[in-house]
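Here is a short briefing on salt bridges and helix packing. Look through the sequence and the model first, then read the points below.

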Amino acid sequence: MASPVLNSSCLSLAIIKKPSKHKLSFTQISQSLTQKKSHALSFRKSSTVRFCSLQDQQKEEKNSSASTIAIAPDEKPETSSNDESKNSELEKSQEKDKQQEVDWKEDEEFKKFMGNPSIEAAMELEKKRIYQQLKEIERETDSGNPIKKLWNNVVRDRLQGEKEMLEKANETFKALDLNKLKSCFGFDTFFAVDVRRFGDGGIFVGNLRKPIDEVIPKLEKKLSEAAGRDVVLWFMEEKNDDITKQVCMVQPKAEIDLQLEFTKLSTPWGYISALALAVATFGTIAIMSGFFLKPGASFDDYISNVVPLFAGFISILAVSEIATRVTAARYGVKLSPSFLVPSNWTGCLGVMNNYESLLPNKKALFDIPVARTASAYLTSLILAVSAFIVDGSFNGGDNALFIRPEFFYNNPLLSFVQLVIGPYADDLGNVLPNAVEGVGVPVDPLAFAGLLGMVVTSLNLLPIGRLEGGRIAQALFGRNTATLLSAGTSLLLGIGGLSGSILCIAWGLFATFFRGGEEIPAKDEITPLENDRYAWGFVLAVTCFLTLFPNGGGTYSNSFFDPPFFRGGL
């Protein structure tokens, strides 16, 4: 049966940090588990994982050892006989370990378990690994090499520290007792008909019997009391053979809080990084503005042209940031610091945030990115229209910038901007009336900031990964459809990059590798969105499409992979 899989950033849990000179993270454990599969593990048909404890294995080894070297009372064994028996026992043990390793590598259920291990199970497997390494070091202590002996002592101390850390962590991370939890479900909350293990918690299959706003607090309280510790619930839908079922996923709250803390960006280094990117973005806006000055412009001309453009960008970023944080606070969602994305082509490519707490429902997953993109669109439009009203056209203004046609070469994503301000020349090379020959097409700095703001907002509305558009797509259509849209959009950007668009390939690589993947699931993914939110999504999608879709208003180069440039002959 298919199970709703949480984002890897939500369930790749880490061992809690405690004051010790030995540090061991769950990420290290997961890497070690992927490389070494020789662990004591058996599975039941119900997909419940059963682990052999270290003490049981030691007892079995002692029993096996005793039966192997058992001697009749009336016999007196020779020393050489005992050595041969020990060597034979060691060889058999090694062969057994090798065979187990082969069996585990071929075990499909073991592979499935390794894809999402529980913390308690992972610690048991890691303790087994440490025990085996300590045994190997004990065998090598008799060697006369002093350097190797010193090295073994260092390794032994490190392993002992890891072992102590695991024993302390084992007191914190224990799998929930699903039998106790199952009795908490009923007709007054969520009626569970089946249960299976998932990580240190479980997935309960059934159906809601009351409104979810009433069920979540009531059921969380009952389950926390039964488990003896706080738990977190997710309500989702899973499909199997075209049959949709409701499920309730239960996980220990301490582990989820630990993961959120582990991926948290609201740290001193996070704020320093955000500040550094902000300074870099302001620098790229200033540099980009200088490309559009008329030849022979003085420093005073630079200031009079750059300040309006810079102020326009800052206004768009500030309004969208305030709208985003106000909306997130309304849903009780914590956001990371804002990371600006600098660009020497458009000055800025938007703002990135991570969620540092669980989302309550799909409304929050939809409303937060919509607040950013809708406010950015509105602010950009106000700037452009205001400049048009004051100057009488987009090509006016006392401190006009001059946009050279090279700015649009090999960049069909910018055709909307050129469609509004007009091209420099016609197909025959004749300079058009709205342009200044040898200089470019004049445009008001505020209008240019508004037009670029609309393009940048549309880039962030593309349904890729954890971009704002990807989050909206996940809220509207679900995780599976959002994944398909993300792959398709990345492919289209790649095709645009191969056709010579540097902006396409740069943004495609950034969105795919830095903002790829699914967003963390909301606690309530069962309740559907209202029709008005689908209408908002449709309006934003049409705006994004019309803004980025290549049109006949642009002038483009026919050659592939031309380097970007702004200056040069017209």
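**Salt bridges and a helix pair**

The structure holds 15 salt bridges (a side-chain nitrogen of Lys or Arg within 4 Å of a carboxyl oxygen of Asp or Glu). This is a predicted model: local features need pLDDT of at least 70, side-chain atom pairs count only at pLDDT 80 or more, and totals for chains, interfaces and linings use all residues. Residues are numbered from 1 along each chain as its sequence is written, and side-chain values use heavy atoms, with hydrogens and water left out.

- Lys-218 and Asp-188 join their side chains in a salt bridge, at 3.0 Å from N to O. This pair links distant parts of the chain, 30 residues apart. Lys-218 sits in helix H9 (residues 212-227), and Asp-188 in the loop between helix H8 (178-182) and strand E3 (190-198). Helices (H or I, at least four residues) and strands (E, at least two) are DSSP runs, numbered from the N terminus.
- Lys-218 has 38% relative accessibility, so it counts as partly exposed. Asp-188, at 30%, is also partly exposed. The cut-offs are under 20% relative accessible area for buried and over 50% for exposed, with partly exposed in between (1.4 Å probe, protein chains only).
- Glu-238 and Arg-196 form another salt bridge, at 2.8 Å from N to O. Glu-238 lies in strand E5 (residues 231-240) and Arg-196 in strand E3, 42 residues apart. Both Glu-238 and Arg-196 are buried.

**A bridge within one helix**

- Arg-471 and Glu-468 meet in a salt bridge at 3.4 Å, N to O. They are three residues apart in helix H16 (residues 468-477), so about one helical turn separates them. Both Arg-471 and Glu-468 are buried.
- Salt bridges that share partners join Glu-321, Arg-325, Arg-372, Glu-468, Arg-471 and Glu-519 into one network.

**How H12 packs on H13**

- Two packed helices are described by the angle between their axes and the distance between the axes.
- Helix H12 (residues 299-330) and helix H13 (residues 362-391) pack at about 155°, with axes 8 Å apart. Axes are lines fitted to C-alpha atoms over the stretch in contact, and angles run from 0 to 180 degrees between N-to-C directions.
- H12 and H13 are therefore roughly antiparallel (over 145 degrees).
- The residues in contact (heavy atoms within 4.5 Å) include Glu-321 in H12 and Arg-372 in H13.

Methods:
Angles under 35 degrees count as roughly parallel, over 145 as roughly antiparallel, 65 to 115 as roughly perpendicular and the rest as oblique.
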